[in-house]
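Please read these notes with the model open beside you. Each point covers one part of the picture.

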Amino acid sequence: MINRLKPKISKQGSFVLIFLLLSSICAFGQEQKTKDIITNPGVLITIVLILIPLLIAVYLATAKVRNLVKKVKAQDVNEQKTAISQSLREDELKTLRQSLENRKTAVEYKLTNKELGGDLPPEDAKGMIHRVSEVNIARFIPDKKRSTKRPSVNPELAKLIIWYLGGAAFWLVLGTSIGEYLGIKFVAPDVDHISWLSFGRLRPVHTNMVFWGWCSLAMIGLGYYVVYTVSNTIVKSLKSAWLAFWLINASVMLGSLSLMAGINNGGGEYREYIWPIMLLFAIGVVITLINYLNIIAKRATKEIYVSNWYIVSAVIFTIVITLVAYLPFWQNGLGETIAQGYYMHQGVGMWFMLFVLGLVYYFLPQQLNTPIYSYSLGILAFWTQILFYTVIGTHHFIFSAIPWWLQTTAIVGSVGMLIPVAAGTTNFLMTMRGNFHKVGSSYTLPFYLVGIVFYFTGSYQGTAEAFRSANLYWHFTDFTVAHSHLTMYGIITFFLWAFIYTLVPRLTGKEPTHGLVGAHFWMALIGMMFYTVPLMIGSTLRGVEWMEGKPFIDTVANMAPYWVWRAIGGSLMWASHLIFAYNLYTMTRKSGDIDTQTVLFNQLNREDNI
Amino acid sequence: MEIYNNHKRLFIVATVMFLALTLYAALIPAYRAQEDNAPLPNSKPLTEQELAGKAVYVKEGCIACHTQQVRNVDMDKVWGERPSIASDYARNKRTDFWRNTANLLGSERTGPDLTEIGKRQPSKEWNLIHLFNPRSVVGQSVMPAYPWLFEIKESAAAADVIVQVPEEYRKGITGDIVATEDALNLVAYLQSLKQVSLPDGRPVPKFLYPKEATPALAGMPAAESGGLDGASLYAANCQSCHQANGEGLPGAFPSLKGSSIVLDPDPTALITVIMKGYNGRAKEGFPEMPAIGTNNNLKPEEISAIISHERTSWGNDAKKVSVEEVKAILDQIGK
């Protein structure tokens, strides 16, 4: 295992070294003068990240054009042929036609595909033919592979998971409706004058609702399936899991109402809920930890599968993070800000990212029907994530009054994050290698692919933003908002959708309409691009204007078109969530008709037993 | 490897590693920041009214768009005289049993930084109109309106603070718009936001990444007054009251268009108003003008650019004022 790891590390090592060198130039060069924006390493990295999909698009476009040219040329040849045949004499034509026809038959000779099988209709004695798809039927939406039947899950566990996912979907729809409304407020600030709906009160409602309501509930629910399955053990009691479910929902509900009423914790992002409300959530997380640990302790396998390291560590770390954020002993004066920087970034990195990575390590190989490429890379990513991510929190307060060494530590940690991200991405992509043809015929794998791509680009963008020189342009602008949507949406949410579309048909035996999953996918993806790309462009320009010392209000006015695009992209995203909710409903609704197959088999089993 | 087969060992090792790094990167620095920084000797604790105003600031979530930190980079010079330091926040303690400390540094600057708003925009009248509807004074603003901080009264009592909202933003309101206690407290808090000077002898932290003197851009009018753009300086310093068209707001801020002080061939009065403030038109209902030039540390070059812009725009046609003249007048009025 170790030997396999070595060459990979050295390759990544040199890659990382280049980035470290780049970063050290700006991280320690606080004396240097402002350079041209284009030579700024942060900007360079972003340009490269943007260029990758662009170059692919250019390549595809060139291929299309080449095909088109070929077609036109073929037309020319045809015309020449006709001209020649018209100029020939009658007798010449006869012999020529004969030889041409002979040649034609020879060239066009094809096997009938019936040489071995004959003309008889197939007899499917072993039930191998599933769905007969006629090639000559017009297909607007290509057929996707159906979810394969899996051994049935304990119905109690299935019900619990479906409720967690249903609750999550509810908060997703509500939370993003609020987000969409906030986006509209940038364009139409006078759309309402109701105190409970004003921007400052509603913004934390949106962020907390999608964090604790949508992502957290979905993750914990999916976690139950993974932790049980890879521990290969049986379900004992799920009573406390239900209690945790209601506690978390109550926390989000009460938290949202109290924020709208103007009761908040004092302003730190994602810890706007006051402690009694956050305590409900924390108890829910502690219950989850106890359940997960109990399952793992009773596992039937010797080793602990990599998913479980990630998932359980995420839950343990989150409890620590919440304590650091809410205990009062270090929160006076600037201590509050340092705790805030730590909390908000550990929240996203150690709770959402670590947990979801654990889920990827289970669901991705499952869905591809192939083992994970490298256990060693998983180990490397796990420990380096802890090592580097824990220290990067304060990179949200670069150039602020917090100690300079702490800011530098955070920047170095941000650069260090290149290692776990590269290791994780490599692992996932290498697992997919040889299976890319499955993406086109699957309705879940596109979600995985998007998640992996943004895991790489979104995380590297975070590193780029942390450099002091890049921070100059982007800090305090909407670039941060674009980044957090690329990551919380592009990575976390896309992965969660991937898992849900993978798992729920297994639990219920019902599939969503494939066309609607496609609509959900494309609207969410295109919407996210419309949301983030204009916002990144506009905010970069705004940062440049600030540096040039333009009047502040002009830099507000100049953002207007980009805010409009953001609202348009947001609308697409929001509409896609409605489709998702409907898909989840079709996967879980109780149908009136009885599953005759199951009834029959039960009957037969009983007869056998007798 | 054994560790991956033993869940107790694995999770204990991971947790200990995480805790150690948490101590190093969060708990110890946070505790030290709390213990090692005393408030600056020149700073004052917030009064009861200002504290109540801060509570409104927190309640309304102003932090979503406004920062309160001057970073030690050149571009932040517009927000304060010096970079913010840890001692600036040392007076902030836990709000109450239910709520945490509110430093309000913020992470988004959709709206301007407010570290020195008490100095930059001290006018109570302006702040109240702006809170009632920001677009009534700053047309391009996207800030929410806060009408619930005001009440409508048929006839205001003598003690009430009436807000002179421009006609088009009254929207069918017939009575007087009166500021509530919350609004007055919030404005008092905003007025209290000022940087405190460092005690003598303490080195002032530097602004990093100083802007290089850029040659005038092609296509930009090579203005007089040291090449400064009077229109954008006007926008940054004067426009929020006197408006982009120079006409002010009737009943709230006087017009500069056709103003006798602005058009006076001798700019002494105009420069005095800018540097020392003005209360000469209180009888007409206009509030006192703050000493904006002194508050914002305007340099003679900038004053020259601003007043030349004022004297030659919106139909005004007085002659421009050179930097030398401004310097002479500043000496004369003792500024």
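1. Start with the contact between the two chains. In this predicted model, chain A and chain B bury about 8,000 Å² between them. Of that area, 66% lies on carbon and sulfur atoms. On the side of chain A, the residues that lose the most area to chain B are A:N332, A:W383 and A:F476. Together these three account for 10% of what that side buries.

2. Next, the residue counts. Chain A brings 99 residues to the contact, and chain B brings 83 residues.

3. Now the charged pairs. Two salt bridges are found across the interface of chain A and chain B. One of them joins A:R201 to B:E60. Their closest N and O atoms are 2.8 Å apart.

4. Polar contacts come next. The interface of chain A and chain B has 24 residue pairs in polar contact, with both residues at pLDDT 80 or more.

5. Turn to chain B by itself. Its domain assignment gives domain 1, residues 48-192, and domain 2, residues 225-332. The centres of these domains of chain B, taken over C-alpha atoms, are 25 Å apart. Their contact takes 14 residues from domain 1 of chain B and 13 residues from domain 2 of chain B.

6. How much area do the two domains of chain B bury between them? The value is about 1,000 Å², with 60% of it on carbon and sulfur atoms. In domain 1 of chain B, the residues B:K119, B:W126 and B:V137 lose the most area to domain 2 of chain B. They make up 32% of what that side buries.

7. Last, the pairs and elements at this domain contact. Zero salt bridges are found between domain 1 and domain 2 of chain B. Four residue pairs are in polar contact there, both residues being at pLDDT 80 or more. On the side of domain 1 of chain B, the elements giving two or more residues are α3 (117-120) and α4 (124-132) of chain B. Helix α4 of chain B gives the most, with three residues. That side of domain 1 of chain B has six nonpolar, four polar and four charged residues.

Technical notes:
Residues numbered from 1 in each chain as written. Chains lettered and ligands numbered in written order. Predicted model: local features only at pLDDT ≥ 70, side-chain atom pairs only at ≥ 80, totals over all residues. Heavy atoms only, no water. Contact = heavy atoms within 4.5 Å. Buried area = accessible area lost by both parts, 1.4 Å probe. Salt bridge = Lys/Arg side-chain N within 4 Å of Asp/Glu carboxyl O. Polar contact = N/O pair within 3.5 Å; in protein donor to acceptor, adjacent residues only side chain to side chain. Domains from an automatic or database assignment. Helix = DSSP H or I, 4+ residues; strand = E, 2+ residues; numbered from the N terminus. Nonpolar A, V, L, I, M, F, W, Y, C, P; charged D, E, K, R; others polar.
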